[in-house]
Amino acid sequence: MLLMIRQRYQNLTYGEKRVADYILTHSDSISKMHIQDLAIAAGVANSAVVRFCKAIGLSGYAELKYKFLEETSKKEEPLLLPAIKRGDKAKDIFNKTFTSNINSLYETIRQIDMEQVDKAVSLLHKARHILLLGTGSSESVVTNAAYHFYQFGYQVATAVSGVMMRTMALNLGPEDVAIGISYSGHTHDTVESLYVAHHSGAATIAVTSYTDSPLCESADIILYAPPGDIPYMTDDAVVASRTSHNCILDSLVITLACQDYDESISKIYARNTIIFPSIRD
């Protein structure tokens, strides 16, 4: 349930977000609360709680309580650590950050749709050109993925600024693939550029932590990584999700390389002996 709430959070209204914020920080008590108790605790009307339930795909508050009661009965050892807070020592912060990244990777491989992955591999393997789109916190993901694609000889371009992103997307065609990377799925330049790529005839792939987002509206394929589970000192907990986004793209590249295994091994050998001449058999 908490993952579902985080996934839909960006699209909630102000009042619904107040309900979500309370639930995310008091999840253990929700199954014991009446609707009016939750409304008072969140500082909203009862109707806002009902709207929140419907916004995350539930029939009403009774189903929300049942979901939390069901999860509580199945709960074993808690995986999630509390948020990073004032006074935490380096050891605490390292433990929380590493655990959050590990949990994010686990949830990603558990929830990712492998049929979508297979379709993405098929499209990328046949692609004439691949365009990687991402800005802000996703720039590092774009750069890392591009380097790995380059190693195996794929024709890849990257764009991380608004006008350039849209211009490059406009020049794609039916034999090309555009990959838009955005934690929230709401990053304006990435959303607009994937839209342009889609309407230029290119196949489009979204890598995001929010499937109910504008980015996904222009995507033929959605590769989903659940949102990170602890807040950092930013407005959105992108750190753990960025790790998952990197892992999704790394896995795609390696899967592609294995489609032409012998050729890929030859390319890696050439890289090691020509680009890094100190590396020998």
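In strand 4, Ala203, Ile205 and Val207 point one way while Thr204, Ala206 and Thr208 point the other way, and all are buried, where buried means under 20% relative accessible area with a 1.4 Å probe and protein chains only. Strand 4, residues 203-208, is thus described as mostly covered, with 6 of its 6 residues buried; strands (E, at least two residues) and helices (H or I, at least four) are DSSP runs numbered from the N terminus. This is a predicted model, in which local features need pLDDT of at least 70 and side-chain atom pairs count only at pLDDT 80 or more, whereas totals for chains, interfaces and linings use all residues. Residues are numbered from 1 along each chain as its sequence is written, and side-chain values use heavy atoms, with hydrogens and water left out.

Strand 3 (residues 177-182) runs parallel to strand 4 and is joined to it by 6 bridges, two strands being paired if DSSP finds at least two bridges between them. From strand 3 the chain crosses through helix 10 (residues 188-199) to strand 4, in a β-α-β crossover that is right-handed, that is, clockwise from the first strand over the helix to the second when the strands point away from the viewer. Thr208 is the bridge partner, in strand 4, of Ser182, and Thr208 also stands opposite Tyr224 in strand 5. Strand 5 (residues 221-224) pairs with strand 4 in the parallel sense over 4 bridges.

Note on methods. Buried < 20%, exposed > 50% of the residue type's maximum accessible area, 1.4 Å probe, protein only.
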